[in-house]
Amino acid sequence: LERPHSHEMRYLCVLVATLAGASAQTTAAAPAAPPDAVAAPKPTPVPTPVPTPEPTPEPTPAPIVPARGQCEALQTLFEKTRGASWQNNTGWMTTHVSCCKWHGITCDAEGFITKIELPFNKLAGVLPDDIGGLARLENLQLDHNSISGTLPRAWDSLAALEYVFLGGTFISGTIPPEYGSLKRMVNWDLGVTSISGTLPESVIGKGGLHYVNLALTQVSGTIPHKFFQNPLDYVNFGRTSLSGTISDAIGKLDQLDHFYMEHTAVSGTLPDSIKGARRLYDLDLEGARLSGTLPPELGEMTRLDYVHFGKCVGISGTIPQTIAGLTRVDYIDLESTKVSGTIPPEMGYLHGIDFLYMEETQISGTIPPQMGKLEQLDILYLDDTKISGTIPREIKELELDSLHVGRSELSGTLPPELAELDALDYINFGRTKMTGTLPPELKKLKNLDYLYLDGSLISGTLPEEWNDLEELDILCLNATKISGTLPPKYYKMRRLDFMYIEENALSGTIPPQYGKLEAIDFLSFDNTRLSGTIPPEMGKLDRLKDLDLDFTRISGTIPPELGDCDNFYELDLDSTFLSGTIPDSFAKFDNLFDLEMDHTQISGTLPKVFDKMARLSLLYVHDTPISGTLPHGIGKWDNVEELNFKNTPISGTLPSGFTTLDHLEHFDVSSTRISGVLPRAMGNMNDLKKFMASSSSVSGFLPSELGHIGKLEWLSASYTPISGTLPKKLEQAGDLEHINLHSMQLSGTLPPEWGRLKHLEKLSLYGNKISGSLPIGLLERMRDLKSCELTKATTDALEWNTNHFYCAADVHETFASYPAACVPLQYQICAADYWIAQLAGAAVGTLLVLGLLVFCAKKARDNYIRKRSKLLNEVTSTSATVLSDLSDRKAGAPVVIVDGKSMGLAKATDSSDPRHCDE
């Protein structure tokens, strides 16, 4: 087990130890063997026999007579739980045997039943109320049986009851609050049952409980704080829906040794007072909703053996240095928490630790050299962290079985010291910054099973010496800088199951010797520079399930011998230089699930053997010269999900069984010669997501039953002779994203119902004869549209196709509300109507403005002429008067000069000389 489950593993160890102890006692009772088995035994004197006195027989105890009513309750239990079918029913229902001697029954001296112990005994039925009459019953052990029904409320009268074991049964219902009257109860084991409801405080908080197990039940609600006032030593609420917080009172539970709250809704922080639970051995809080930091007080709990905070995504902070105090700890799990900071060097004092899980955390820094002191460490997980630096050389001092540091920031080269870890069976440096070459010294790791270096910066060639790794099971070198060729001697890796060497610079050919890889299941070389042909020897790989050669330079034909690999599950030969035809030997591929041969030069027809591939799920032969017709037995491919025949010369009609493919999700016959009509039965293809038939010869009409395909996302039939109208019921296919029906013979109107297609992103209908009013509500509701092509201009920008829509009265007002992706529609839809209206409106507006301008200009001109005439008349009259006055006055007399707007005085100097006049 790579990661044992703590308490389950521990219970197994206890069982083994118990059996071993019993064996030791038996051995001790036997005579000891001589220390030297080879040496002859020394002669011993024969002892004189000594007569032994006859033992005095002990008096036979008087038989216990059952008290009244005791046997009757047991008889009811027998009848209610099919006692005749019990695994052990010795003595039961036998009249001459006292019921106190029946199997699993114990009575006290007065004949009252005190114990019923029938675990793992194949009881089946319900629990009778009559058990409630056993007044002195102390121990009821019926766990791991097929008991069903609810807990009888009548049991609240069992005043002496202390131990109840009903775990591993089908008990359901709730815990009756009346059980609070069971004052002597110390043990409740209802784990792995269907018990539900909340925890009654009268039962859980009564103050005398030591052992409570409700793991893997359906109980919910909060944990009463009074629960922590019990003298608890074992608590298991794991994998329930219980919530609440861990009370500070947990620090007073000085006898608590097991505390399991994994995968519950318990929240809050782990109280510092927990240090008071000094006997705590197992602390499992995996997946709880705890928050806060790891309390330093944990270091004072020196008996802790198992510490599990994994998947507590709210736990943060750093690892406290006081963790050095956990000298007995065996298991620490901080996986998938928000713990950050560096690994404290003090962790080097955890000499007893075997398992350390810190993957998927925020831990950074380097791996401290002190980790080399953890001599017992078997498993170290640091995947998906920010650990950086190099692997310390002190790592050679460990006894590691598994080293996981993938998807971290580690750099440097693979240290040769790794070869000294004799027990190492798992190495993961995948997706790191490790550089350098592959060390040949790793051949010393005779126990190595898994080697992951994918996504690293490792370069160089594959060491030939690695052929000594005879135990290697998985070799993963994907997405590296590995180059060179495949070493032929790797066929000696006789246990190699997975060989993934994809996405690198490997070249050369596939060695024929690889036909001797007896255990190989998965062989992948895709996206490499491998060339040559597929060796016929590959047909000897009886266990081969997956062969990936896509995107390589492999050429030639498919060897018929490959058909002998009758366990094939996946065969990927796409994007290669393969040619020839599909071998008839493929008829042996009864288990074939995935066949990809697209983008090759494979030709011929699809052989009839395809009819027998009942488990086929994916078939890609698109973009090849493959011709002929679709297999007639296509209706027998019950598991098929994807069929792609795009861009092939395949012809004929759609097979009659096509519509019976219940699981088909993707069907593509685009750019083929497939003909015939679309059957109405396509509406029964509930899983169909993509139907692509563009540029094919499919004809007829679009069946309205397409709307019954609730998962349909893509519908494409452009450039086909399909005619008729757009089906209104298509709006029922609510997942439709792309409708590509342009360049066809469609007519009629655009259905307003299509406005309910909330997920539609692309609508292409140009090149048809669709007409009528454009439904305003249709485009208003298509909020996810990224492309709208209802009409489309040809090479001449003014020439429109045959679709013709006329606008509704309010279409111009609604353009502003169209989705942004549909703004170009105002230049496409209703082009003539819309733009004529716009231009006419603009022209009328322009004429009105021009008329107003002309009127204003004429009015202004008339006013100007009138004022000018009046002014001229005034100036003429005034000038005449001034000239008359000037002629009558002497020099130096004041002169009034009038210009029609103002007057001023001037002094005449010489009336006979106008130059002396200012104006």
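The legends below describe several close-up views of one predicted model.

Residues are numbered from 1 along each chain as its sequence is written. Local features need pLDDT of at least 70 in this predicted model and side-chain atom pairs count only at pLDDT 80 or more, whereas totals for chains, interfaces and linings use all residues, and side-chain values use heavy atoms, with hydrogens and water left out.

**View 1. The whole chain.** The chain has 6 helices and 57 strands, where helices (H or I, at least four residues) and strands (E, at least two) are DSSP runs numbered from the N terminus. Of its 919 residues, 47% count as buried, a term for under 20% relative accessible area, with exposed standing for over 50% and partly exposed for what lies in between (1.4 Å probe, protein chains only). The accessible surface comes to about 43700 Å², of which carbon and sulfur atoms hold 53%; these areas come from the Shrake-Rupley method with a 1.4 Å probe, and for residues only the protein chains shown count as cover. Among contacts (heavy atoms within 4.5 Å) between residues at least 6 apart in sequence, 50% join residues at least 24 apart.

View 2. Strand 9 (residues 194-197) is joined to strand 11 (residues 218-222) over 2 bridges, and Gly-197 has Val-219 of strand 11 as its bridge partner. Between strand 11 and strand 13 (residues 241-245) there are 3 bridges, with Thr-222 partnered by Ser-243 in strand 13. Strand 17 (residues 289-293) likewise runs parallel to strand 19, over 3 bridges, and here Ser-291 stands opposite Gly-314.

View 3. Strand 45 (residues 673-677) pairs with strand 47 over 3 bridges, and Gly-676 has Val-698 in strand 47 as its bridge partner.

**View 4. The largest nonpolar core.** A nonpolar core is a set of buried Ala, Val, Leu, Ile, Met, Phe, Trp, Tyr and Cys residues joined through side-chain atoms within 4.5 Å. Of the 215 residues in the largest one, Ile-116, Phe-259, Phe-429 and Phe-667 touch the most other members. Leaving aside neighbours within four places in sequence, Phe-259 is in contact with several residues, among them Phe-228, Ile-250 and Leu-285. A second, separate core of 6 residues includes Tyr-306, Phe-355, Ile-379 and Tyr-381.

**View 5. The surroundings of Thr-552.** Thr-552 lies in the loop between strand 35 (546-548) and strand 36 (555-557), and counts as buried because its relative accessibility is 3%. Its side chain reaches the backbone oxygen of Leu-549 at 2.6 Å, while a polar atom of the Thr-552 side chain lies 3.4 Å from the backbone nitrogen of Ile-554. Leaving aside neighbours within four places in sequence, the residues in contact with Thr-552 include Phe-525, Asn-527, Leu-530 and Phe-577.

How values were computed: Pairing = 2+ DSSP bridges. Polar contact = N/O pair within 3.5 Å; in protein donor to acceptor, adjacent residues only side chain to side chain.
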